[in-house]
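Have the sequence and the 3D view ready. This report takes you through a few places in the fold.

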Amino acid sequence: MTQFSLIIPLRPKVESNDWQGDIVLLNRTIESVLHQTHIDFRIYVVYTDAPEHQLTDQRITYVAFPYGFQSLEMLKN
């Protein structure tokens, strides 16, 4: 039974100043979490634009956000 889960959101490409840098940071974050001593957890990466390189581990699930990117201005209308 999973004790806890982590949700890691990935910003969309249109909001990124350095998409490749964001992917590197995402993977470093995931790798850091995977190296914890407690192993009973799940990681959910939620994205609008899928990262080109996805880490593989049974504890990681990549979840496509079902709606396209919405800017704050678009949500106000």
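## The model

This is a predicted model, in which local features need pLDDT of at least 70, side-chain atom pairs count only at pLDDT 80 or more, and totals for chains, interfaces and linings use all residues. Residues are numbered from 1 along each chain as its sequence is written, and side-chain values use heavy atoms, with hydrogens and water left out.

Helices (H or I, at least four residues) and strands (E, at least two) are DSSP runs, numbered from the N terminus.

## The nonpolar core

A nonpolar core is a set of buried Ala, Val, Leu, Ile, Met, Phe, Trp, Tyr and Cys residues joined through side-chain atoms within 4.5 Å. Buried means under 20% relative accessible area, exposed means over 50%, and partly exposed lies in between (1.4 Å probe, protein chains only).

The largest nonpolar core has 15 residues. Ile 30, Ile 43, Val 45, Ile 60 and Tyr 62 touch the most other members. Two or more residues come from each of E1, helix H1 (19-34), E2 and E3. H1 gives the most, with 6 residues.

Look at Ile 43. Leaving aside neighbours within four places in sequence, Ile 43 is in contact (heavy atoms within 4.5 Å) with Leu 6, Ile 8, Ile 30, Val 33, Leu 34, Arg 59, Ile 60 and Thr 61.

## The aromatic pair

The structure holds 1 aromatic pair. Rings of Phe, Tyr and Trp (its six-membered ring) pair if their centres lie within 6.5 Å; planes under 30 degrees apart count as stacked, over 60 as edge-to-face and the rest as tilted. Here the rings of Phe 4 and Phe 41 have centres 5.7 Å apart and planes at 25 degrees, so the pair is stacked.

The pair links distant parts of the chain. Phe 4 is in strand E1 (residues 4-10) and Phe 41 in strand E2, 37 residues apart. Phe 41 is buried, at 3% relative accessible area. Phe 4 is partly exposed, at 38%.

## Two loop residues

Ser 16 sits in the loop between E1 and H1. Ser 16 is buried, with a relative accessible area of 14%. A polar atom of its side chain lies 3.1 Å from the backbone nitrogen of Asp 18. Beyond neighbours within four places in sequence, Ser 16 is in contact with Arg 11 and Asp 22.

Gln 54 is in the loop between strand E2 (41-47) and strand E3 (60-64). Gln 54 is partly exposed, at 31% relative accessible area. Gln 54 and Asn 27 are 27 residues apart in sequence, yet 7.9 Å apart in space, C-alpha to C-alpha.

Key. Polar contact = N/O pair within 3.5 Å; in protein donor to acceptor, adjacent residues only side chain to side chain.
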